[in-house]
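Please look over the sequence and the structure shown here. The paragraphs after them go through a few places, one at a time.

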Amino acid sequence: MIIVRLMGGLGNQLQQYALYRKYELLGKEARLDISWFSEKIQEKMQAPRPLELNRLDNLSVRKAAPEEVRALLGRAYEEKEGLLEKVKRKINPAFVPVFEETDMYHPEIFGWDRKYLVGYWACEAYYADILERLRSELQFPVSSNPQNAAAVAEMEQTESVSIHIRRGDYLDAANREMFGNICTEKYYDSAVRYLKENVSNPVFYVFSDDSAYVRSKYQGKEFRVVDWNQGEDSLYDMMLMSHCKHNICANSTFSFWGARLNSHADKIMVRPSIHKNTQVYVPGQMKELWAGWTLISPAGEL
């Protein structure tokens, strides 16, 4: 059995679900472990996250029972691990029941039938071949806010482009070191210019956790600031991004999925050339693993 650990915000949960579905579609027995969202674990988190995957309509998920997780992990993660198990793990990593993501892409994971997987699995290559199917499976609940329905109607009638600007937690010291200064003003200026050069009369819908900043930055008749989906309704921002015809993403899995769920065949998807400051940008690798995406550097270089 393959068990994928579910954790993080909605964008990360969707990536873990996508990997889980990839295993199922390969004919393997797979489960999602949702124990990370237990009250006991969440109360220890600096930034607690709710389980949002189950808010999507008609989503069928096989959740791992606690006894299934224990059976898979075995003695290797018990406090008193036997000497034989330690020797086995040292000789052959295949004996290790847990695999933790350490690189952008691990193609070897699809050859396994028994593993507990821990990671965020952001790379497009993991599930690019099933994205069309995922679009039909991942359906948002109907919003009770008429502003969302009105926005969808307008987006379908214009050359709509979503712009996602994540500030908030990315401005905190720890997060800024890892994720800051990637989606710079040069990045966004270059992305907007690229869309204007390739799309006739684009209308930009700006999504952000800092509406005051984006209202001061993006002024003019071609910009619309979307700031009414707050708290539990924030998932509707992803829904609206998916209805735009083109997408400019932050280094955030939330807007990556807004673009991935966009079903327009001729869409332009823009993302930063790196996701984290620890990432080394390798052009050939990124072009292969993120096929179909337009990459722009923090310096604004296409």
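Just after helix H3, Gly74 has a positive phi of about 60 degrees. Helices, here and below, are DSSP runs of H or I with at least four residues, strands are runs of E with at least two, and both are numbered from the N terminus. This is a predicted model, in which local features need pLDDT of at least 70 and side-chain atom pairs count only at pLDDT 80 or more, while totals for chains, interfaces and linings use all residues. Residues are numbered from 1 along each chain as its sequence is written, and side-chain values use heavy atoms, with hydrogens and water left out.

Helix H3 itself spans residues 66-73, and Val69, Leu72 and Leu73 are buried in it. Buried means under 20% relative accessible area, exposed means over 50%, and partly exposed is in between, with a 1.4 Å probe and protein chains only. Seen down the axis of H3, the buried residues fall within an arc of 95 degrees, so they line one face of the helix; the arc is taken from the directions from the helix axis to the C-beta atoms. The face turned away from that buried side carries Arg70 and Ala71, which are exposed. The cover over the buried residues of H3 includes strands E1 (2-5), E2 (30-33), E3 (98-100) and E4 (115-118).

Next comes helix H1, residues 10-25, which holds both Tyr17 and Tyr20, three residues apart, or about one turn of the helix. An α-helix has 3.6 residues a turn, so residues three or four places apart point the same way. Tyr17 is buried, with a relative accessible area of 1%, and Tyr20 is buried at 0%.

A search of the whole structure finds 14 aromatic pairs. The ring centres of Tyr17 and Tyr20 are 5.8 Å apart and their planes are at 45 degrees, so this pair is tilted. Rings of Phe, Tyr and Trp (its six-membered ring) pair if their centres lie within 6.5 Å; planes under 30 degrees apart count as stacked, over 60 as edge-to-face and the rest as tilted. One aromatic cluster is formed by Tyr23, Tyr105, Phe110, Trp121 and Tyr126.

Tyr17 is also among the residues touched by Glu137, together with Arg21, Asp57 and Leu59, when residues up to four places away in sequence are not counted. Contact means heavy atoms within 4.5 Å. Glu137 is found in helix H5, residues 131-137, and is buried with a relative accessible area of 16%. The side chains of Glu137 and Arg21 are joined by a polar contact of 2.6 Å. A polar contact is a pair of N or O atoms within 3.5 Å; within protein, one must be able to donate a hydrogen and the other to accept it, and residues adjacent in sequence count only if both atoms are side-chain atoms.

The Lys245 side chain reaches the backbone oxygen of Glu156 at 3.2 Å and that of Thr158 at 3.1 Å. Lys245 is buried yet has no salt bridge, and the nearest side chain of opposite charge, Glu159, is 4.5 Å away. A salt bridge needs a side-chain nitrogen of Lys or Arg within 4 Å of a carboxyl oxygen of Asp or Glu; Lys and Arg count as positive and Asp and Glu as negative, with His and the chain ends not counted.
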